[in-house]
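Welcome, and thank you for taking a look at this protein with me. Let us walk through the model together, from the overall layout to a few individual residues.

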Amino acid sequence: MDFQSQKLYSPKYNRKRLNQEQVRLLERSFSANKKLEPELKLQLANQLGVPPRQVAIWYQNKRARWKTQSMELDCNTLQVKLENALSEKRRLEKDVKYLQEELRKAQETMFAMNNNQRANHHHHQQQQDQPLNYFVSCNSTGSSEEGGSSSFHEDHEVLQIDELYACLIGGDRSTWS
């Protein structure tokens, strides 16, 4: 078959190119119905004056482009969420390092206080046969970054570990969740 006869029998060459108004009608139809039902295909073909197969092919191509655009949008949305999650992860890792350092400082303070209490207790027991206990009392005005402080006092009230932690970080344990 030569090129001229191929042109006459090939459905590709029998199709007319759609004009802007026809494309607008198909776009409006596609916005309302992503899936082309047989009745709609025939109705659109009659309105546009083109073969139903041309309408079906246009819908198929449009749906493929639409899915690609949707996937790109979804991918971009996921990329933004990933970047936000990674940023949050880095922030939390910084917080963990800060809290680990605060814990280390608190442990050193408690260790030093324990050693000091044992030494003072031993010294006082030699002077008098009465035990003397030292406990941490919180006179904090804020976190250590804000210039808060903790001090040692002779006291008969035992400071619980969560209260000690609140004292060291300058927080109010009633706001902990």
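**A guided walk through the model**

The protein has six helices and two strands. Starting at the N terminus, these elements follow the order α-α-α-α-α-β-β-α. Please keep in mind as you look around that this is a predicted model.

The protein has 177 residues, and 21% of them are buried. Its accessible surface is about 13900 Å², with carbon and sulfur atoms accounting for 52% of that area. Now take the contacts between residues at least 6 apart in sequence: 39% of these join residues at least 24 apart.

Let us go inside next. The largest nonpolar core has 14 residues, and those touching the most other members are Leu26, Leu36, Leu44, Leu48, Val55, Trp58 and Tyr59. Which elements give two or more residues to this core? They are H3, helix H4 (38–48) and H5.

If we set aside its neighbours within four places in sequence, tyrosine 59 is in contact with Leu26, Ser29, Phe30, Asn33, Lys34, Lys35, Leu36, Leu40 and Leu44. Two of the names we meet in the core, Trp58 and Tyr59, also turn up in a cluster of rings, where ring pairs link them with Phe30 and Trp66.

That brings us to the aromatic rings. A pair of such rings is described by how far apart the centres are and by the angle between the planes. Rings count as a pair here if their centres lie within 6.5 Å, and by this rule there are four aromatic pairs. In one of them, the ring centres of phenylalanine 30 and tryptophan 66 are 6.2 Å apart and the planes stand at 80 degrees; since planes over 60 degrees apart count as edge-to-face, this pair is edge-to-face.

Tryptophan 66, at 33% relative accessibility, counts as partly exposed.

Helix H3 has other residues worth a visit. Glutamine 22 lies in this helix and is buried, with a relative accessible area of 13%. Leaving out neighbours within four places in sequence, glutamine 22 is in contact with Arg17, Leu48 and Val50. Glutamate 27 is also found in helix H3, and its 28% relative accessibility makes it partly exposed. Which residues does glutamate 27 contact, leaving aside its neighbours within four places in sequence? They are Trp58 and Lys62. Glutamate 27 and tryptophan 58 are 31 residues apart in sequence, while their C-alpha atoms are 9.9 Å apart in space.

Ten residues line the largest pocket, and the closest to its centre are Lys16, Arg17, Leu18, Gln54 and Trp58. Which element gives the most to this lining? It is H5, with four residues.

Our last stop is arginine 53, which lies in helix H5. Arginine 53 has a relative accessible area of 56%, so it is exposed, the cut-off being over 50%. Arginine 53 and leucine 42 are 11 residues apart along the chain, and 9.3 Å separates their C-alpha atoms.

Conventions: Residues are numbered from 1 along each chain as its sequence is written. This is a predicted model: local features need pLDDT of at least 70, side-chain atom pairs count only at pLDDT 80 or more; totals for chains, interfaces and linings use all residues. Side-chain values use heavy atoms; hydrogens and water are left out. Rings of Phe, Tyr and Trp (its six-membered ring) pair if their centres lie within 6.5 Å; planes under 30 degrees apart count as stacked, over 60 as edge-to-face and the rest as tilted. Buried means under 20% relative accessible area, exposed over 50%, partly exposed in between (1.4 Å probe, protein chains only). A nonpolar core is a set of buried Ala, Val, Leu, Ile, Met, Phe, Trp, Tyr and Cys residues joined through side-chain atoms within 4.5 Å. Contact means heavy atoms within 4.5 Å. Accessible areas come from the Shrake-Rupley method with a 1.4 Å probe; for residues, only the protein chains shown count as cover. On a 1 Å grid over the protein atoms alone, a cavity is a set of points where a 1.4 Å probe fits but cannot get out, and a pocket is an open set with protein on both sides within 12 Å along at least five of seven lines; lining residues have an atom within 4 Å of a point.
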